[in-house]
Amino acid sequence: MTNRKYTVVTGASSGIGYETAKAFAERDKNLILIARRENKLNQLKKEIFSLNSNVNVLIFPTDLSIRENVNQLFNDLEPYELETWINNAGFGMYGDLENNNIEKVEKIVQLNVETLTLLSTLFVKKYRHVAGTQLINMSSAGGYTIVPNAVVYCATKFYVSAFTEGLAQELIQSKSEMRAKVLAPAATKTEFGQVANNLDTYDYDQSFGMYHTSQQMAQFLLSLYDSDLSVGHVNRETFTFELSDT
Ligand code: NDP
């Protein structure tokens, strides 16, 4: 029988979200792809079709840092049956707080915290009784250990870790059919570095020497998806990946 359920990936237009969408397509998952850049989402849709022409791919170009868009998006998704929601969209910002651009500070909190909370809540309310459903939220190694010069970013990711781990426990205690999980990557070569540093290009080799690729991170996310455990953590020192309970 044809699978009519969908996996939603926010921030699917580049980096970890892009590769995660491809990895789920290879597992025959239908996909709903969300980000601002429509051209990149269309490019991904084409790539997925050449990987696996059996899956349906829908794109919803949306700026998730605007509150009204978030409610509208969830309403627009009403006709589709969802099984997994991956809140991956997010960005970082480096530099001392006193030098941070106020608008950027607002946007980062809106996207990384408020939007993630609202989308998680809407998804949980609608699907918590549906067997096999999963909510996966993207934190960071910086969501477990603070890095100076990125305090707003780290604080937003501490929130994501706390929110998702708490929700994971709550869902288990209330015997919900849904599972909540959190992934905490360390340095991964994506557009993240250039966005966080406000640069057109960013040299990961020079800055980190050691980092993961988006493809590797997508595979870690898949192992978290397959696991009964709720936390997937990349160790910032050793770059090893560990799954654990909350
Ligand atoms: P990218 O910059 O490559 O991807 C970020 C994604 O988020 C893009 O698809 C972007 O799409 C989307 N996005 C950004 N702003 C918005 C918005 N306002 N509305 C909708 N979508 C938006 O970075 P990564 O792949 O590295 O980041 C993915 C996640 O992983 C983030 O949450 C990040 O914090 C986390 N992470 C990354 C690490 C790294 O080293 N790379 C380490 C730890 C965590 P578009 O611009 O088209 O809107």
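By class, how many residues of the shell around the ligand are nonpolar, polar and charged? I looked this up before anything else, and my entries start there.

**Entry: the ligand shell**

I find 12 nonpolar, 13 polar and five charged residues in the shell around the ligand. For the classes, I count Ala, Val, Leu, Ile, Met, Phe, Trp, Tyr, Cys and Pro as nonpolar, Asp, Glu, Lys and Arg as charged, and the others, Gly among them, as polar. A residue is near a molecule or strand if its C-beta atom, placed from the backbone, lies within 6 Å of it. Of the 30 residues around the ligand, I note that Gly11, Gly15, Arg36, Arg37 and Gly90 come nearest. The elements giving two or more residues to this shell are α1 (15–26) and α6 (192–197). The largest share, three residues, is from α1. My element names follow DSSP runs, numbered from the N terminus: helices are H or I with at least four residues, strands are E with at least two.

**Entry: what kind of model this is**

I am looking at a predicted model, where local features need pLDDT of at least 70, side-chain atom pairs count only at pLDDT 80 or more, and totals for chains, interfaces and linings use all residues. Residues are numbered from 1 along each chain as its sequence is written. I checked the confidence too: the protein chain has a mean pLDDT of 96, with 99% of its residues at 70 or more. Here pLDDT is the predictor's confidence in each residue, from 0 to 100. I also wrote down ipTM 0.99 and pTM 0.98 for the model.

**Entry: helix α4**

I followed α4 (residues 102–127) from its first C-alpha to its last: its 26 residues reach 36 Å, close to the 38 Å expected at 1.5 Å a residue. The expected span is 1.5 Å times one less than the number of residues. Where is the kink in α4 centred? I find it at Gln110, with a value of about 35°. The bend at a residue is the angle between axes fitted to the seven residues ending there and the seven starting there. Buried residues of α4 include Ile108, Leu111, Leu119 and Tyr127. I call a residue buried if 20 or more other C-beta atoms lie within 10 Å of its own, exposed if 12 or fewer, and partly exposed in between, with C-beta atoms placed from the backbone.

**Entry: helix α8**

Helix α8 (residues 214–226) has 13 residues and reaches 18 Å, close to the 18 Å expected. I see Ser214, Met217, Ala218, Phe220, Leu221, Leu224 and Tyr225 buried in α8. They are on the same side of α8 because they cover an arc of only 155° around the axis; the arc is that of the directions from the helix axis to the C-beta atoms. Gln216 also has its place in α8. I list Gln216 as partly exposed because it has 18 C-beta neighbours inside 10 Å.

**Entry: two positive phi values**

Phi of Asp28 is near 65°, and Asp28 sits in the loop between α1 and β2 (30–35). Asp28 is exposed, with 11 other C-beta atoms within 10 Å. Phe239 has a positive phi of about 65° and lies in the loop between β9 (231–234) and β10 (241–244). I have Phe239 down as partly exposed, with 15 other C-beta atoms within 10 Å.
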